[in-house]
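Hi,

Here is the structure I promised to pass on.

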Amino acid sequence: MVEDLKIDTLKRLLAQAVQAAMTAAQEINAIYATGQFDVNIKENAAPITRADRKSHDIITEHLSFTRIPTISEEGRHVRYDERQSWRLLWLIDPLDGTREFIKINDEFTVNIALIQNGQPHIAVIVAPSIDTLYFALKGHGAYKISKFNFQGTYTECELDEMLPRAQRLPLPASPRPYTIFTSRSNVSAEMHIYRNLLRKLHPDLDVIVKGSSLKICLVAEGKADLYARINPTSEWDTAAGQLIAEEAGCQLVDLHTMLPLRYNRQNLLNPPFAVKHPYDDIPKL
């Protein structure tokens, strides 16, 4: 196991991750404004655009200076026998919610997480089209900055500069019915069944459809009680969101075991999972 990172090192790495994500977000927004996305279909039938590729290039170039290995959705496939010894790595989704990007509905994010010994220790999620940043440091809270107005400098991404502008999560909540998020583009028959189970527990159930990791962030904010996902996802889809949720007092758990997800597993596909509050006794699968 690698030695636990010192707080000064974590702060520096957080700033580098925020700068990488915000720089990528600017390029994504520039492509978004053109409406020319150059959409192709990958082997797994998922779409990929010019924005996915450009964001990947920007982030991996920025993070290369950390000398920490990376796993990115749009990067090369790294065999487990190569990466199983990695106790420190970056997990990157350069454009989470590519289908929503193509639909031009603003529900897409950039996700970066630093994983140490299987757990996220730094999390950065940027929603480019609404200029919103979520970030977290393990043991030091989760935060949101609306209208970041990034100017391209490293200094503005340092923790001590960001905290005065940030809101700590969760945010103050207003009375509402039991509220869940479901995916906009990936809803399965199994999810409909699970949602009906929840409705039996909560007859006033309110269902909100949304794309990308914004769902995790909004549960962390306190705007919903649950986000459950049964369709396949990958580690880069959840790692950053998991830390933001945990540091806001929530949990991201395997729906079979109710245990937190671990990262850099042999199989990078996630099990079905839920983002929930600790007191919420939800059904297992």
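Let's start with a salt bridge (a side-chain nitrogen of Lys or Arg within 4 Å of a carboxyl oxygen of Asp or Glu): Lys 42 and Glu 73 pair through their side chains, at 3.2 Å from N to O. Lys 42 sits in the loop between strands E1 and E2 and Glu 73 in the loop between strand E3 and helix H3, so this pair ties together parts 31 residues apart in sequence. Helices (H or I, at least four residues) and strands (E, at least two) are DSSP runs, numbered from the N terminus. Glu 74 joins Lys 42 and Glu 73 in a network of salt bridges.

Before going on: this is a predicted model, where local features need pLDDT of at least 70 and side-chain atom pairs pLDDT 80 or more, while totals for chains, interfaces and linings use all residues. Residues are numbered from 1 along each chain as its sequence is written, and side-chain values use heavy atoms, leaving out hydrogens and water.

The salt bridge count is 12. Another one joins Glu 107 and Lys 210, with the closest N and O atoms 3.7 Å apart. That pair links distant parts of the chain, since Glu 107 is in the loop between H4 and E5 and Lys 210 is in strand E11, 103 residues apart. Glu 107 is buried at 9% relative accessible area (buried means under 20%, exposed over 50%, partly exposed in between, with a 1.4 Å probe and protein chains only).

Now the backbone. Most peptide bonds are trans, but the one from Leu 169 to Pro 170 is cis. Pro 170 is in the loop between strands E9 and E10.

Cheers
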